[in-house]
Amino acid sequence: MNQYVIAIDQGTTSSRAIIFDHSGNIVSSGQKEHEQIFPQAGWVEHNPVEIWDNIREVIGSALSKANLTRHDIAAVGITNQRETAVVWDKNTGAPVYNAIVWQDTRTQDIVDKLAADGGVDRFKHKVGLPLATYFSGTKIKWILDNVDGARAKAEAGDLLFGTTDSWVTWNLTGGSTDGGIHITDVTNASRTLFMDLETLAWDEDILEVFGVPGSMMPEIRSSSEVYGTVHTSQLLRGVPISGILGDQQAATFGQAAFDQGEAKNTYGTGCFLIFNTGEEIVHSKNGLLTTLGYQLGDAAPHYALEGSIAVTGSLIQWLRDNLGMISSAPEVETLAAAVKDNGGVYIVPAFSGLFAPYWRSDARGAIVGLTRFVNKNHIARAALEATAFQTREVLDAVNADSGVPLTELKVDGGMVANDALMQFQADILGVAVVRPKVVETTALGAAYAAGLAVGFWKDLGELTANWGEDKRWTPKMDDAERFRQLRLWKKAVTKSMDWVDEDVK
Ligand code: ADP
């Protein structure tokens, strides 16, 4: 009885349910992709109802594959794509608009208008974030400003906002029919632009500047405590929901990077490097975000510095879907391996501007260094290398902010299956890159947070003992070559900037 914990991973491309045992090993899982809706250039949406349907389905498949029932599950943990905003009617449970996804850039005008008074960093000291289309606050405002009747309903107290953790929790606990709980955790709240890093409460003044009624906002809870139990209408009825962490913070937790000075980089659609700064709030001077790392119950929260890179794995998807150069992501390795170097080509995948450390919304993608010699193998190689170069720039920022250079980097995510990329990453960083045995660190982190709250795991030490090294790549490139490559990369980045002007935005 109660030998397992289930994690629900509501991601950008799919939703997963993964069941873990006490050693942190995967027992079974279910996964389902949802539609990526692109109504126009720069817009990305998901259907929240489809996501909720998929969550129920994947919970069912994870349980049935392992022949388990709710009686075997000690706790439910939730992790999620972070800044994606859902606004729904609390009386009917129906979303008033599709979820606006973190990559969506439609709110640039909102950002520009808000930044006209005080610049993009006007709230940064309080909330840790610059004004940018990336964060959910701008997306809530867009929905209230643009969806018929939404503002009036919100002001009447009828609408709720949540990132997908809130949406899933509210539905799992009874939704509109039976008192669903409307909560989020500190890590997700720290991505809205509205949470004060010190008080861990919504900032009334900022909400007012954005015109977002406080009644829409979920209650902010810790990342690990019993929030409630799953509603009787659901398969997991009665099981406590006891952990919520945004996906990148969950991966950090799943990597057992619990202490100050530890870091991980996740290589998926984008790349997200998180550096644990312990109980200290560190304000970046180098283009990083200040964010919540985790909070366990009543204990003091852990903060983090984060370098977010918008496009890494999705550049490989673009080679596949938009250029038709490959038919599956791993094929990029074969193409790249056919040439000894990038042939002088650099790809800066600034499809939605540049995130860390530049935060330039006027940048767009650039392929530079083209000659008659260049072929698709070089392009494939340059596409992979772009991930490593972007990560290097973020790590430089982390090292500059912390003053203590990292000596190795823990990695996870879909792209770390690519051996050549990981070797190049170690070469370009000049430090070792280390992959753990369980690479589903995001789901594992959510399971850990949930399991800790119900005593399934007794303390962080027990979780650290679960972490095991699978593979390590050490740098082989000489310094001169590394610096030559970095210089060219930085020059390429300058070519992507100042591309979008007012007229063509
Ligand atoms: P997410 O959780 O963001 O949806 P994943 O961690 O599942 O992403 O990683 C998927 C990403 O990794 C995709 O963008 C895909 O293009 C990329 N990817 C998968 N396999 C490889 C590979 N062998 N080489 C390079 N990129 C890969």
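This is a predicted model: local features need pLDDT of at least 70, side-chain atom pairs count only at pLDDT 80 or more; totals for chains, interfaces and linings use all residues.
Colleague: Which helix gives the largest share of the shell around the ligand?

Modeller: The shell holds 17 residues, with Thr13, Thr269, Gly313, Gly414 and Asn418 the closest. Two helices, H10 (313–321) and H11 (331–337), each supply at least two residues of this shell. The largest share is four residues, and these come from H10.

Colleague: How many residues of the shell around the ligand are charged?

Modeller: Nine residues of the shell are polar and seven are nonpolar. The charged residues of the shell number one.

Colleague: How far from a polar backbone atom of Gly414 is an oxygen atom of the ligand?

Modeller: Polar contacts are counted within 3.5 Å. Thr13 places a polar side-chain atom 3.0 Å from a ligand oxygen atom, and Gly313 places a backbone N or O atom 3.0 Å from a ligand oxygen atom. For the polar backbone atom of Gly414, the separation from a ligand oxygen atom is 2.8 Å.

Colleague: What is the volume of the largest cavity?

Modeller: Searching the whole structure gives two cavities of 30 Å³ or more. The second largest cavity holds about 60 Å³ of space. For the largest cavity, the volume is about 100 Å³.

Colleague: Which elements give two or more residues to the lining of the largest cavity?

Modeller: In the lining of the largest cavity, 12 residues are nonpolar, two polar and one charged. This lining has 15 residues, and those nearest the centre of the cavity are Ile309, Leu354, Ala356, Tyr358 and Gln390. The elements giving two or more residues to the lining are helix H12 (376–402) and helix H16 (479–496).

Colleague: Which element gives the largest share of the lining of the second largest cavity?

Modeller: Residues lining the second largest cavity include Gln249, Thr252, Phe253, Ile274 and Tyr303. Two or more lining residues come from each of helix H9 (247–254) and strands E14 (271–278), E15 (289–294) and E16 (302–309). The largest share, three residues, comes from H9.

Colleague: How many residues in the lining of the second largest cavity are nonpolar?

Modeller: This lining has no charged residues, and four of its residues are polar. The nonpolar residues number six.

How values were computed. Residues are numbered from 1 along each chain as its sequence is written. Side-chain values use heavy atoms; hydrogens and water are left out. A residue is near a molecule or strand if one of its heavy atoms lies within 4 Å of it. A polar contact is a pair of N or O atoms within 3.5 Å; within protein, one must be able to donate a hydrogen and the other to accept it, and residues adjacent in sequence count only if both atoms are side-chain atoms. Ala, Val, Leu, Ile, Met, Phe, Trp, Tyr, Cys and Pro count as nonpolar, Asp, Glu, Lys and Arg as charged, and the others, Gly among them, as polar. On a 1 Å grid over the protein atoms alone, a cavity is a set of points where a 1.4 Å probe fits but cannot get out, and a pocket is an open set with protein on both sides within 12 Å along at least five of seven lines; lining residues have an atom within 4 Å of a point. Grid points are joined across faces, edges and corners, and a volume is the space filled by probe spheres set on the points.
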